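Reader: I would like to go through this model with you. Could we begin with the terms you use?

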Amino acid sequence: MAGRFVPRTTAVPHQQPAVPDPSAPPLERTWTPPGPLDLRLVLSPLRRGPADPTYRALPDGSFWRATRTPAGPGTLRVAAAGDGRISAAAWGPGAQWLLDGLPGLLGAGDDPDAFRPRHRLVAAALRRRPGLRLLRTGLVMESLIPSVLEQKVTTDEAYRAWRLLVRTYGTPAPGPTDGLFGTYGLYVMPDARTWSRIPSWEWHRAGVDAKRSATILRAVRVARRMEEAASMELPEATARLELIPGIGPWTAAETLQRSNGAADAVTVGDLHLPGIVGYALAGDRSAGDEEMLALLAPYEGQRHRATRLIMLSGHTPPRRAPRMTPRDIARF
């Protein structure tokens with residue numbers, strides 16, 4: 001029947017484009033940041049678990065990420081080059097796009113000098129972490145989809161789902177990434193069309209319930225409109241994302257912190273963050289969103305940076321209850 005969609009099995013990945021030639025020479029550039037820059041601190045929000053197929057940090061001090069740019073798949077390697085410079089190499093159709101966006105990715109558009117600590121703990125964390133800058137990827141869907149997967153589940157569940165779906169339906173990353181990362185190389189996440197064609201049983205196998213998979217499917221159908229949020233101011237970008245049923249303030253903030261470098265995108269609706277902020281700033285581990293926002297009010301315009309510094313301070317409430325038990329819906 002014309003137009004009828006026939007669900008595919010795991011044969012879908014094998015019909016993806018051929019593995020890129022790893023011997024192709026990269027494009028390269030160097031960049032000198034305007035101040036101290038800690039690559040691990042800046043890039044760590046892109047990492048979705050220790051086995052994230054799109055991101056790796058190697059012992060030699062290099063950081064690798066594979067992503068889907070407007071120009072196509074690309075792989076980026078960045079490392080400190082000495083004398084305060086950053087060296088970068090990129091492979092694939094998206095290589096030039098990634099190199100052009102390198103300063104923005106590493107926080108060139110961020111303004112840490114606009115931040116004024118109002119608490120001793122925050123001031124101490126700022127002194128210890130002078131290289132913290134807020135990254136900006138300029139890419140919405142690569143952060144939105146894993147953020148949806150993290151809704152109301154343990155991080156282990158979300159990381160497993162992201163890992164399985166990207167390895168199964170994504171494409172091998174361009175460049176010499178095979179063999180550098182153990183059993184698996186880097187992968188570029190699926191494009192919008194491929195996400196939309198993942199069969200329901202494969203979402204189930206990855207441990208993703210129907211509510212989260214439906215939210216992702218609604219988002220990828222309007223992926224171009226979602227990507228437009230990367231060039232919007234925070235209120236407009238948040239409103240754009242929240243047009244999709246299933247995307248609320250928590251998911252929008254988690255996405256825009258990465259895609260837009262939004263310094264004020266404070267995460268509300270989080271299970272742990274209000275208690276962490278409440279404990280750090282007021283000794284109140286039972287604080288909710290309302291109390292957290294009141295404590296962060298002096299940092300308006302910079303509330304996300306304030307929460308990052310609070311988390312980096314290590315001053316978190318001692319655990320009283322056991323960790324949330326991961327579910328495995330694939331068994332049901």
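Author: Buried means under 20% relative accessible area, exposed means over 50%, and partly exposed lies in between, using a 1.4 Å probe and protein chains only. This is a predicted model, in which local features need pLDDT of at least 70 and side-chain atom pairs count only at pLDDT 80 or more, while totals for chains, interfaces and linings use all residues. Residues are numbered from 1 along each chain as its sequence is written, and side-chain values use heavy atoms, with hydrogens and water left out.

Reader: Is Lys152 buried or exposed?

Author: Lys152 is exposed, at 74% relative accessibility. The residue sits in the loop between H5 and helix H6 (155-169); helices (H or I, at least four residues) and strands (E, at least two) are DSSP runs, numbered from the N terminus.

Reader: What is its phi?

Author: The phi of Lys152 is near 55 degrees, a positive value in a residue other than glycine. Most residues other than glycine have a negative phi.

Reader: Where is Asp83, and what is its phi?

Author: Asp83 lies in the loop between E4 and E5. Its phi is positive, about 60 degrees, although Asp83 is not a glycine. Asp83 is exposed, with a relative accessible area of 76%.

Reader: How many bridges join E4 and E5?

Author: Strand E4 (residues 72-82) and strand E5 (residues 85-91) pair in the antiparallel sense over seven bridges; two strands count as paired if DSSP finds at least two bridges between them. Ala79, for instance, has Ser87 in E5 as its bridge partner.

Reader: In what order do the strands of the sheet run?

Author: The order is E1-E5-E4-E3-E2, five strands in an open sheet with antiparallel pairing. Strand E1 (27-31) and strand E2 (55-57) are the edge strands, each pairing on one side only.

Reader: Changing topic, is Thr137 buried or exposed?

Author: Thr137 is buried, with a relative accessible area of 6%. It is found in the loop between helix H4 (120-128) and helix H5 (141-149).

Reader: Which residues does Thr137 contact?

Author: Leaving aside neighbours within four places in sequence, Thr137 is in contact (heavy atoms within 4.5 Å) with Leu46, Arg65, Trp97, Leu105, Glu142, Arg258 and Ser259.

Reader: Finally, what share of the whole protein is buried?

Author: Of its 332 residues, 49% count as buried. The protein has 15 helices and seven strands.
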